[in-house]
Every structure is written in structure tokens, then in C-alpha cells.
Amino acid sequence: MDNISIKRVALNDIDQLQKISRHTFSETFSAGNTEENMRKYLEEELSVEKLTAELSDKNSTFYFATIDDQVVGYLKLNIGQAQTELKDGKGLEIERIYALKAYHGKGVGQFLYKHAIHVAKQLSADFVWLGVWEENPRAINFYKKNGFVEFDKHVFKLGSDEQTDIMMKLQL
């Protein structure tokens with residue numbers, strides 16, 4: 001899609017960030033999780049307060065993917081101590097990359113992914129890494145197609161449910 005734009009998210013975009021975060025997370029994971037666990041995650045992990053703190057961290061950046069000024073997806077990148085696991089100075093973490101379901105297969109995810117790689121290269125990162133739910137084959141295949149390989153696993157807590165994320169890495 002030639003009409004996708006990228007916009008760095010600022011604090012005054014917090015309401016839009018929360019809206020796209022909650023919407024895409026729900027679309028992606030509601031079918032495979034309980035309503036209670038989803039509600040708890042959305043309320044606690046995607047609250048305005050939590051997102052504001054993440055957005056205020058100098059080692060985390062958020063970007064919107066927009067089409068005709070409509071937010072259709074977003075990306076969260078972490079470096080340094082903001083990384084959720086490795087905290088390696090030579091790595092960049094893609095913590096979140098989501099597109100609205102209506103835009104799946106239309107290049108939004110790939111656009112956001114390419115921006116993440118561009119940022120990683122600007123920062124002279126040696127590798128990019130991420131965690132992806134073991135029960136999300138669409139995302140796993142997306143990352144494999146882009147050259148990522150599995151290297152470990154970690155626990156992701158969704159409400160009271162401890163789930164397994166596959167950790168994947170791409171050497172640059």
C-alpha cells in the first residue's frame with residue numbers, strides 16, 4: 001500500500017494510542033482467551049497511566065501507521081533498559097506491532113516492520129528481537145518470512161493466565 005504513513009506518537013496522542021492498542025489486542029487475542037483475562041489485561045496493561053509511562057520512557061518509542069490520517073496500526077520499540085527481557089545495548093526489541101484486522105494482508109504490518117528495521121539500523125543495533133505467542137501462527141510465520149529465528153521462550157502473563165511466548169531474533 002503506497003498510501004501508508006508513519007507518525008511518531010506523542011503524549012498528546014495518548015487517547016488514540018490507547019484506543020488502537022485495546023482494539024488491536026482484542027481483535028488479535030479475544031478468541032483464544034477468557035473474557036476475564038482479556039478485561040484484566042486491557043484495564044491494567046493498556047491503561048492511560050501505563051501507556052503514558054511507557055511513552056514517557058526515553059528508551060521506548062511508539063509509531064502509528066496511518067492511511068488518510070486514520071490510525072490503522074502501531075508499533076512499539078524498546079532499547080536499553082526498556083527492553084522486556086534481553087536488555088542488551090546492541091539489541092532493539094519490537095514489543096508490539098499490530099494492525100487492525102481490516103488491514104491484515106494489506107501491507108500495514110510489513111510497513112511497520114520495515115520501519116522497525118530502519119530504526120534499528122539508524123541505532124546501529126546488531127539484532128532485533130521479539131516475543132510472539134506460541135498460539136499465534138500468523139505472527140510467527142510473518143516473522144519467519146522476514147528472517148527471524150527462534151532462540152528461547154518466556155512467560156507472558158495475560159490476566160491470571162501464564163502463556164508461552166516464543167522469542168525470535170534477527171541478526172542485522
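The structure is a predicted model, in which local features need pLDDT of at least 70 and side-chain atom pairs count only at pLDDT 80 or more, while totals for chains, interfaces and linings use all residues. Residues are numbered from 1 along each chain as its sequence is written, and side-chain values use heavy atoms, with hydrogens and water left out.

**Overall build**
- The chain holds five helices and seven strands, which are DSSP runs (helices H or I of at least four residues, strands E of at least two) numbered from the N terminus.
- Along the sequence these elements follow the pattern β-α-α-α-β-β-β-α-β-α-β-β, and the radius of gyration is 15 Å, close to the 16 Å of the globule rule for 172 residues, so the chain is as compact as a globular protein of that length; the radius is taken over C-alpha atoms, and the rule is 2.2 Å times the number of residues to the power 0.38.
- Of the 172 residues, 47% count as buried (under 20% relative accessible area, with exposed over 50% and partly exposed in between, using a 1.4 Å probe and protein chains only).

**The loop between E2 and E3**
- Asp68, in the loop between strand E2 (60-67) and strand E3 (70-78), has a positive phi of about 50° although it is not a glycine, and it is exposed at 63% relative accessibility.
- Asp69 is found in the loop between E2 and E3, where its phi is positive at about 65° and its relative accessible area of 77% makes it exposed.
- Most residues other than glycine have a negative phi.
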